[in-house]
Amino acid sequence: MNKDKVVPIHKNKEPEIDSTGFFIKKLESFPALERAVLELSLGLGEPFEILHTTDEIAEILNESKETIEKNLATGMKRMSDICNQERI
């Protein structure tokens, strides 16, 4: 069997709603600051799996804590709406 012709089963599948890949893909359409806040808060940025507090995110992005909290809330609401829509 020629290994060059083997295609992974998951190659053309959309990521599952609860997968990291799903969230990363959906975040691409978010406004830049909202996306950055969610990536840092949820551990989706580089390096992966490091979760940051709102204070840390404010320092990293050089924004006020209030701005970070606002973007986190609107971003989480947007992601929740997307997930609910995907489940329908």
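**Reading the helix packing**

Mentor: Happy to! Helix 1 (residues 20-27) packs against helix 4 (residues 65-87) at an angle of about 115°, and their axes are 11 Å apart. This is a predicted model, in which local features need pLDDT of at least 70 and side-chain atom pairs count only at pLDDT 80 or more, while totals for chains, interfaces and linings use all residues. Residues are numbered from 1 along each chain as its sequence is written, and side-chain values use heavy atoms, with hydrogens and water left out.

Trainee: By what are two packed helices described?

Mentor: The description uses the angle between their axes and the distance between the axes. Axes are lines fitted to C-alpha atoms, for helices over the stretch in contact, and angles run from 0 to 180 degrees between N-to-C directions. Helices (H or I, at least four residues) and strands (E, at least two) are DSSP runs, numbered from the N terminus.

Trainee: How many helices and strands does the chain have?

Mentor: There are four helices and zero strands, giving the pattern α-α-α-α along the sequence.

Trainee: Is the crossing of helix 1 and helix 4 left-handed or right-handed?

Mentor: A crossing is left-handed if the near helix is turned anticlockwise from the far one by less than a right angle, and right-handed if clockwise. Helix 1 passes helix 4 in a right-handed crossing. In this contact (heavy atoms within 4.5 Å), Phe 22, Phe 23, Lys 26 and Leu 27 of helix 1 meet Met 79, Ile 82, Cys 83 and Glu 86 of helix 4.

Trainee: Which aromatic pair does the structure hold?

Mentor: Rings of Phe, Tyr and Trp (its six-membered ring) pair if their centres lie within 6.5 Å; planes under 30 degrees apart count as stacked, over 60 as edge-to-face and the rest as tilted. The structure holds one such pair: Phe 22 and Phe 23, edge-to-face at 5.6 Å centre to centre with 80° between the planes.

Trainee: At what angle do helix 2 and helix 3 pack?

Mentor: Helix 2 (residues 32-42) and helix 3 (residues 54-61) pack at about 130°, with axes 10 Å apart. Leu 33, Ala 36, Val 37, Leu 40 and Ser 41 in helix 2 meet Ile 57, Ile 60 and Leu 61 in helix 3.
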